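Subject: Structure for you to look at

Hello,

Here is the structure I said I would pass on. My notes on it follow below.

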Amino acid sequence: KQAKQLRVGVATYDSSRDASSTDHLALLAELRDALTADDQIVLALQPAVDLASGAPVGVEALTRWRHPRRGPLSPAVFIAAVEHSELLGPFTRYVLDRSLAAAAGWIAADIDVPVSVNVSARSLLDPTFPGQVADALRRHVVPARHLVLEITETVAISDLEIVDEVLAALRETGVQLSVDDFGTGFSSLAFLTRVAIDELKVDRSFVDDMIDSPAAEAVVRGAVELGGRLHARVVAEGVETAEQRAALLALGCVSAQGYHFCQPMPPDKIVGTLHRLGEAATQAKIVPLRAD
Ligand code: C2E
Ligand code: MG
Ligand code: MG
Ligand code: MG
(Lines give C-alpha, C1' and ligand atoms only; values in the text may rest on other atoms or scores of the structure.)
(Ligands and ions follow the chains in the order given, each with its own letter.)
Protein backbone atom coordinates (compact mmCIF):
# COMPACT_ATOMS: atom_id res chain seq x y z
CA LYS A 1 0.00 0.00 0.00
CA GLN A 2 2.81 2.36 0.95
CA ALA A 3 4.75 1.69 -2.28
CA LYS A 4 1.60 2.24 -4.30
CA GLN A 5 0.99 5.58 -2.65
CA LEU A 6 4.49 6.78 -3.42
CA ARG A 7 4.42 5.65 -7.03
CA VAL A 8 1.33 7.67 -7.85
CA GLY A 9 2.93 11.06 -7.78
CA VAL A 10 6.61 10.34 -8.12
CA ALA A 11 6.82 10.64 -11.89
CA THR A 12 6.06 14.32 -12.29
CA TYR A 13 4.99 15.87 -9.00
CA ASP A 14 7.56 18.32 -7.70
CA SER A 15 7.56 18.01 -3.93
CA SER A 16 9.32 21.36 -3.47
CA ARG A 17 6.12 23.05 -4.63
CA ASP A 18 4.30 22.14 -1.46
CA ALA A 19 5.39 21.61 2.10
CA SER A 20 2.73 18.97 2.71
CA SER A 21 3.61 16.87 -0.32
CA THR A 22 3.28 13.57 1.56
CA ASP A 23 -0.30 14.60 2.21
CA HIS A 24 -0.71 15.25 -1.51
CA LEU A 25 0.59 11.77 -2.31
CA ALA A 26 -1.88 10.21 0.11
CA LEU A 27 -4.60 12.34 -1.44
CA LEU A 28 -3.68 11.14 -4.93
CA ALA A 29 -3.84 7.49 -3.87
CA GLU A 30 -7.31 8.16 -2.45
CA LEU A 31 -8.34 10.01 -5.58
CA ARG A 32 -7.50 7.03 -7.74
CA ASP A 33 -10.01 5.01 -5.70
CA ALA A 34 -12.51 7.86 -5.71
CA LEU A 35 -12.56 7.85 -9.52
CA THR A 36 -13.99 4.34 -9.51
CA ALA A 37 -16.29 4.88 -6.49
CA ASP A 38 -19.80 6.13 -7.02
CA ASP A 39 -20.42 9.79 -6.30
CA GLN A 40 -17.30 10.77 -4.42
CA ILE A 41 -16.25 13.19 -7.13
CA VAL A 42 -19.33 15.22 -8.00
CA LEU A 43 -20.12 18.21 -10.16
CA ALA A 44 -21.18 21.63 -8.94
CA LEU A 45 -22.80 23.42 -11.87
CA GLN A 46 -22.84 27.20 -12.24
CA PRO A 47 -24.73 28.98 -15.02
CA ALA A 48 -23.19 31.86 -16.98
CA VAL A 49 -25.75 34.47 -18.00
CA ASP A 50 -26.33 37.26 -20.47
CA LEU A 51 -25.57 40.42 -18.45
CA ALA A 52 -28.43 42.45 -19.89
CA SER A 53 -31.26 39.90 -19.74
CA GLY A 54 -30.03 37.32 -17.23
CA ALA A 55 -30.76 34.50 -19.70
CA PRO A 56 -28.47 31.49 -19.29
CA VAL A 57 -25.75 31.24 -21.94
CA GLY A 58 -23.80 28.28 -20.58
CA VAL A 59 -23.11 26.12 -17.54
CA GLU A 60 -19.68 25.50 -16.02
CA ALA A 61 -18.89 22.15 -14.43
CA LEU A 62 -16.83 22.58 -11.25
CA THR A 63 -15.73 19.53 -9.29
CA ARG A 64 -16.16 18.75 -5.61
CA TRP A 65 -14.73 15.76 -3.82
CA ARG A 66 -17.00 14.33 -1.15
CA HIS A 67 -14.18 12.70 0.72
CA PRO A 68 -15.41 9.95 3.07
CA ARG A 69 -13.06 11.01 5.90
CA ARG A 70 -11.82 14.52 5.10
CA GLY A 71 -15.27 15.87 4.25
CA PRO A 72 -16.02 17.95 1.15
CA LEU A 73 -12.86 19.14 -0.63
CA SER A 74 -12.73 22.06 -3.05
CA PRO A 75 -10.69 21.80 -6.25
CA ALA A 76 -8.19 24.27 -4.76
CA VAL A 77 -7.10 21.41 -2.48
CA PHE A 78 -6.61 18.67 -5.05
CA ILE A 79 -6.38 20.07 -8.62
CA ALA A 80 -2.74 21.16 -8.29
CA ALA A 81 -1.77 17.67 -7.10
CA VAL A 82 -3.81 16.03 -9.86
CA GLU A 83 -2.24 18.24 -12.52
CA HIS A 84 1.23 17.03 -11.61
CA SER A 85 0.35 13.35 -11.46
CA GLU A 86 -0.49 10.52 -13.81
CA LEU A 87 -4.09 10.82 -12.63
CA LEU A 88 -4.65 13.94 -14.74
CA GLY A 89 -5.83 11.85 -17.72
CA PRO A 90 -8.27 9.64 -15.78
CA PHE A 91 -9.56 12.62 -13.78
CA THR A 92 -10.18 14.74 -16.88
CA ARG A 93 -11.97 11.83 -18.62
CA TYR A 94 -14.15 11.35 -15.52
CA VAL A 95 -15.17 15.03 -15.43
CA LEU A 96 -15.79 15.09 -19.19
CA ASP A 97 -17.95 12.01 -18.90
CA ARG A 98 -20.09 13.41 -16.07
CA SER A 99 -20.38 16.80 -17.75
CA LEU A 100 -21.46 15.39 -21.10
CA ALA A 101 -24.01 13.14 -19.39
CA ALA A 102 -25.45 16.32 -17.85
CA ALA A 103 -25.38 18.14 -21.21
CA ALA A 104 -27.23 15.25 -22.86
CA GLY A 105 -29.93 15.68 -20.21
CA TRP A 106 -30.33 19.40 -21.00
CA ILE A 107 -30.68 18.64 -24.70
CA ALA A 108 -33.40 16.14 -23.81
CA ALA A 109 -35.08 18.88 -21.70
CA ASP A 110 -34.95 21.29 -24.67
CA ILE A 111 -32.39 23.55 -23.06
CA ASP A 112 -29.88 24.85 -25.54
CA VAL A 113 -26.77 25.79 -23.55
CA PRO A 114 -23.28 24.31 -23.74
CA VAL A 115 -21.43 22.74 -20.82
CA SER A 116 -18.00 24.15 -19.93
CA VAL A 117 -15.35 21.79 -18.60
CA ASN A 118 -12.11 22.98 -17.00
CA VAL A 119 -9.02 21.53 -18.60
CA SER A 120 -5.48 21.89 -17.36
CA ALA A 121 -3.10 23.24 -19.98
CA ARG A 122 -1.09 20.08 -19.24
CA SER A 123 -3.76 18.05 -21.04
CA LEU A 124 -2.64 19.89 -24.19
CA LEU A 125 0.58 17.89 -23.98
CA ASP A 126 -1.35 14.62 -24.40
CA PRO A 127 -1.70 13.74 -28.11
CA THR A 128 -4.52 11.29 -27.28
CA PHE A 129 -6.64 14.00 -25.61
CA PRO A 130 -8.58 15.22 -28.71
CA GLY A 131 -9.49 11.62 -29.54
CA GLN A 132 -10.76 11.11 -26.00
CA VAL A 133 -12.92 14.22 -26.28
CA ALA A 134 -14.37 13.11 -29.63
CA ASP A 135 -15.04 9.66 -28.22
CA ALA A 136 -16.85 11.05 -25.16
CA LEU A 137 -19.02 13.28 -27.39
CA ARG A 138 -20.00 10.24 -29.50
CA ARG A 139 -20.81 8.09 -26.48
CA HIS A 140 -23.11 10.73 -25.03
CA VAL A 141 -24.49 11.78 -28.43
CA VAL A 142 -23.76 15.42 -27.67
CA PRO A 143 -22.93 17.78 -30.60
CA ALA A 144 -19.39 19.15 -30.33
CA ARG A 145 -20.60 22.79 -30.13
CA HIS A 146 -22.29 21.92 -26.82
CA LEU A 147 -18.88 21.42 -25.20
CA VAL A 148 -16.60 24.28 -24.18
CA LEU A 149 -13.12 23.45 -22.94
CA GLU A 150 -11.90 26.10 -20.48
CA ILE A 151 -8.14 26.06 -20.50
CA THR A 152 -6.26 27.34 -17.47
CA GLU A 153 -2.58 27.88 -17.75
CA THR A 154 -1.31 27.37 -14.20
CA VAL A 155 2.00 25.94 -15.33
CA ALA A 156 4.28 27.16 -18.10
CA ILE A 157 4.05 24.77 -21.03
CA SER A 158 7.30 24.05 -22.82
CA ASP A 159 6.59 21.74 -25.76
CA LEU A 160 4.62 24.09 -27.98
CA GLU A 161 4.81 21.80 -31.02
CA ILE A 162 2.65 19.19 -29.32
CA VAL A 163 0.36 21.90 -27.89
CA ASP A 164 -0.25 23.29 -31.38
CA GLU A 165 -1.03 19.82 -32.73
CA VAL A 166 -3.45 19.10 -29.90
CA LEU A 167 -5.15 22.50 -30.22
CA ALA A 168 -5.56 22.01 -33.98
CA ALA A 169 -7.03 18.55 -33.42
CA LEU A 170 -9.42 19.92 -30.79
CA ARG A 171 -10.56 22.63 -33.22
CA GLU A 172 -11.15 19.89 -35.75
CA THR A 173 -13.56 18.09 -33.39
CA GLY A 174 -15.75 21.24 -33.32
CA VAL A 175 -15.65 21.84 -29.58
CA GLN A 176 -15.39 25.42 -28.33
CA LEU A 177 -12.19 26.69 -26.75
CA SER A 178 -12.14 29.14 -23.87
CA VAL A 179 -9.26 30.88 -22.10
CA ASP A 180 -9.98 30.73 -18.36
CA ASP A 181 -8.67 33.18 -15.75
CA PHE A 182 -7.73 35.54 -18.56
CA GLY A 183 -5.06 38.01 -17.52
CA THR A 184 -3.41 35.82 -14.92
CA GLY A 185 -1.86 32.89 -16.84
CA PHE A 186 1.75 32.41 -17.79
CA SER A 187 1.20 33.55 -21.36
CA SER A 188 -2.48 33.87 -22.03
CA LEU A 189 -1.89 36.58 -24.64
CA ALA A 190 0.57 34.40 -26.57
CA PHE A 191 -1.99 31.59 -26.37
CA LEU A 192 -4.45 33.70 -28.37
CA THR A 193 -2.06 33.73 -31.31
CA ARG A 194 -1.74 29.93 -31.37
CA VAL A 195 -5.38 29.03 -31.96
CA ALA A 196 -8.75 30.61 -32.72
CA ILE A 197 -10.69 30.84 -29.49
CA ASP A 198 -14.42 31.13 -28.85
CA GLU A 199 -14.39 32.64 -25.37
CA LEU A 200 -12.34 34.72 -22.96
CA LYS A 201 -13.10 34.48 -19.25
CA VAL A 202 -11.88 37.59 -17.48
CA ASP A 203 -10.36 36.58 -14.17
CA ARG A 204 -12.33 37.31 -11.02
CA SER A 205 -9.50 39.37 -9.51
CA PHE A 206 -10.05 42.14 -12.09
CA VAL A 207 -13.83 42.08 -11.65
CA ASP A 208 -13.31 42.25 -7.88
CA ASP A 209 -11.20 45.40 -8.18
CA MET A 210 -12.74 47.16 -11.17
CA ILE A 211 -14.95 49.53 -9.15
CA ASP A 212 -12.07 50.95 -7.09
CA SER A 213 -9.08 50.42 -9.33
CA PRO A 214 -8.84 52.25 -12.68
CA ALA A 215 -6.08 49.78 -13.67
CA ALA A 216 -8.31 46.76 -13.05
CA GLU A 217 -11.10 48.48 -14.93
CA ALA A 218 -8.71 49.09 -17.83
CA VAL A 219 -7.81 45.39 -17.93
CA VAL A 220 -11.48 44.40 -18.09
CA ARG A 221 -12.14 47.02 -20.76
CA GLY A 222 -9.12 45.80 -22.72
CA ALA A 223 -10.28 42.18 -22.50
CA VAL A 224 -13.74 43.14 -23.76
CA GLU A 225 -12.21 44.97 -26.72
CA LEU A 226 -9.78 42.13 -27.42
CA GLY A 227 -12.63 39.62 -27.32
CA GLY A 228 -14.54 41.70 -29.85
CA ARG A 229 -11.59 41.81 -32.21
CA LEU A 230 -11.05 38.05 -31.90
CA HIS A 231 -14.78 37.35 -32.38
CA ALA A 232 -14.73 35.67 -28.99
CA ARG A 233 -17.41 35.92 -26.33
CA VAL A 234 -16.23 37.64 -23.16
CA VAL A 235 -17.44 36.31 -19.82
CA ALA A 236 -16.70 38.20 -16.61
CA GLU A 237 -15.99 35.81 -13.74
CA GLY A 238 -16.95 36.25 -10.10
CA VAL A 239 -19.59 38.96 -10.40
CA GLU A 240 -20.94 39.45 -6.88
CA THR A 241 -22.70 42.83 -6.88
CA ALA A 242 -25.24 44.82 -8.88
CA GLU A 243 -22.63 47.60 -9.08
CA GLN A 244 -20.17 45.27 -10.85
CA ARG A 245 -22.91 44.09 -13.18
CA ALA A 246 -23.75 47.69 -14.14
CA ALA A 247 -20.08 48.60 -14.63
CA LEU A 248 -19.56 45.56 -16.87
CA LEU A 249 -22.65 46.37 -18.93
CA ALA A 250 -21.46 49.96 -19.31
CA LEU A 251 -18.19 48.87 -20.86
CA GLY A 252 -19.83 46.47 -23.27
CA CYS A 253 -19.26 43.11 -21.60
CA VAL A 254 -21.96 40.69 -22.72
CA SER A 255 -21.89 37.74 -20.31
CA ALA A 256 -20.99 36.97 -16.74
CA GLN A 257 -20.89 34.38 -14.03
CA GLY A 258 -20.91 34.80 -10.29
CA TYR A 259 -22.76 34.62 -7.00
CA HIS A 260 -24.76 37.73 -7.95
CA PHE A 261 -26.58 35.51 -10.47
CA CYS A 262 -26.16 31.92 -9.27
CA GLN A 263 -24.13 29.81 -6.89
CA PRO A 264 -22.70 26.52 -8.18
CA MET A 265 -25.34 23.83 -7.55
CA PRO A 266 -25.80 20.03 -7.67
CA PRO A 267 -26.77 18.56 -11.07
CA ASP A 268 -30.34 17.73 -9.98
CA LYS A 269 -31.07 21.45 -9.42
CA ILE A 270 -29.74 22.78 -12.71
CA VAL A 271 -32.57 22.07 -15.16
CA GLY A 272 -35.10 23.87 -12.95
CA THR A 273 -32.72 26.79 -12.50
CA LEU A 274 -32.05 27.13 -16.23
CA HIS A 275 -35.79 27.14 -16.94
CA ARG A 276 -36.32 29.78 -14.25
CA LEU A 277 -33.49 32.01 -15.52
CA GLY A 278 -34.81 31.71 -19.08
CA GLU A 279 -38.37 32.59 -18.05
CA ALA A 280 -37.24 35.54 -15.92
CA ALA A 281 -35.24 36.88 -18.87
CA THR A 282 -38.28 36.64 -21.16
CA GLN A 283 -40.45 38.48 -18.59
CA ALA A 284 -37.80 41.18 -18.20
CA LYS A 285 -37.84 41.74 -21.95
CA ILE A 286 -41.62 42.15 -22.06
CA VAL A 287 -41.77 44.82 -19.33
CA PRO A 288 -39.80 47.63 -21.07
CA LEU A 289 -41.70 46.98 -24.32
CA ARG A 290 -45.00 47.61 -22.52
CA ALA A 291 -43.60 50.65 -20.74
CA ASP A 292 -42.76 52.23 -24.11
P1 C2E B 1 -12.43 28.61 -12.42
O2 C2E B 1 -12.52 27.68 -13.58
O3 C2E B 1 -11.98 29.98 -12.70
O4 C2E B 1 -13.86 28.57 -11.74
C5 C2E B 1 -14.43 29.66 -11.06
C6 C2E B 1 -14.29 29.54 -9.56
O7 C2E B 1 -14.85 30.69 -8.95
C8 C2E B 1 -15.02 28.37 -8.95
O9 C2E B 1 -14.31 27.96 -7.78
C10 C2E B 1 -16.36 28.99 -8.55
O11 C2E B 1 -17.05 28.27 -7.55
C12 C2E B 1 -15.88 30.33 -8.06
N13 C2E B 1 -16.91 31.39 -8.16
C14 C2E B 1 -17.94 31.50 -9.01
N15 C2E B 1 -18.61 32.65 -8.83
C16 C2E B 1 -17.97 33.30 -7.82
C17 C2E B 1 -18.19 34.56 -7.17
O18 C2E B 1 -19.09 35.33 -7.46
N19 C2E B 1 -17.32 34.90 -6.17
C20 C2E B 1 -16.29 34.08 -5.79
N21 C2E B 1 -15.51 34.47 -4.80
N22 C2E B 1 -16.06 32.88 -6.40
C23 C2E B 1 -16.89 32.51 -7.40
P24 C2E B 1 -14.01 26.45 -7.48
O25 C2E B 1 -15.21 25.62 -7.80
O26 C2E B 1 -13.45 26.39 -6.11
O27 C2E B 1 -12.88 26.09 -8.52
C28 C2E B 1 -11.62 26.68 -8.46
C29 C2E B 1 -10.81 26.35 -9.68
O30 C2E B 1 -10.49 24.96 -9.72
C31 C2E B 1 -11.55 26.63 -10.99
O32 C2E B 1 -11.44 27.99 -11.31
C33 C2E B 1 -10.83 25.73 -11.96
O34 C2E B 1 -9.68 26.35 -12.48
C35 C2E B 1 -10.40 24.58 -11.07
N36 C2E B 1 -11.28 23.43 -11.32
C37 C2E B 1 -12.52 23.16 -10.85
N38 C2E B 1 -12.98 21.99 -11.33
C39 C2E B 1 -12.02 21.52 -12.16
C40 C2E B 1 -11.89 20.35 -12.99
O41 C2E B 1 -12.77 19.50 -13.08
N42 C2E B 1 -10.71 20.21 -13.69
C43 C2E B 1 -9.70 21.14 -13.62
N44 C2E B 1 -8.60 20.94 -14.35
N45 C2E B 1 -9.80 22.24 -12.87
C46 C2E B 1 -10.94 22.43 -12.15
MG1 MG C 1 -13.33 27.70 -15.31
MG1 MG D 1 -9.98 27.26 -14.59
MG1 MG E 1 -11.53 31.28 -13.87
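A residue is called buried here if its relative accessible area is under 20%, exposed if it is over 50%, and partly exposed in between. Please keep in mind that this is a predicted model.

By that cut-off Gln 40 is buried, because its relative accessible area is 17%. Gln 40 sits in the loop that runs between helix 2 (21-34) and strand 1 (41-50). Its side chain has a polar contact of 3.0 Å with the side chain of Trp 65. Trp 65 is also among the residues that Gln 40 touches beyond four places in sequence, along with Ala 34, Arg 64, Arg 66, His 67 and Pro 68.

Glu 86 is in another loop, between helix 3 (75-83) and helix 4. With a relative accessibility of 44%, Glu 86 falls in the range for partly exposed. Its C-alpha atom is 31 Å from that of Gly 105, which is 19 residues away along the chain.

In soluble globular proteins, nonpolar side chains tend to be buried together. The largest nonpolar core here has 80 residues, and the members that touch the most others are Trp 106, Leu 147 and Leu 149. Helix 4 (residues 88-108) is the biggest contributor, with nine residues. Beyond its neighbours within four places in sequence, Leu 147 has contacts that include Leu 96, Leu 100, Pro 114, Val 133 and Val 175. Gln 176 is also one of the contacts of Leu 147.

Now the ligand. There are 23 residues around ligand 1, and those that come nearest are Arg 64, Asn 118, Asp 180, Glu 240 and Tyr 259.

- Glu 60: a polar side-chain atom is 3.0 Å from an oxygen atom of ligand 1.
- Thr 63: an N or O atom of the side chain is 3.0 Å from a nitrogen atom of ligand 1.
- Asp 181: a polar side-chain atom is 3.0 Å from an oxygen atom of ligand 1.

Asp 181 is also in contact with Asp 203, as are Phe 182, Thr 184 and Glu 237. Asp 203 belongs to the loop between strand 7 (199-202) and helix 8 (204-209).

Regards

Conventions: Residues numbered from 1 in each chain as written. Chains lettered and ligands numbered in written order. Predicted model: local features only at pLDDT ≥ 70, side-chain atom pairs only at ≥ 80, totals over all residues. Heavy atoms only, no water. Helix = DSSP H or I, 4+ residues; strand = E, 2+ residues; numbered from the N terminus. Contact = heavy atoms within 4.5 Å. Core = buried A, V, L, I, M, F, W, Y, C linked by side-chain atoms within 4.5 Å. Buried < 20%, exposed > 50% of the residue type's maximum accessible area, 1.4 Å probe, protein only. Near = heavy atom within 4 Å. Polar contact = N/O pair within 3.5 Å; in protein donor to acceptor, adjacent residues only side chain to side chain.
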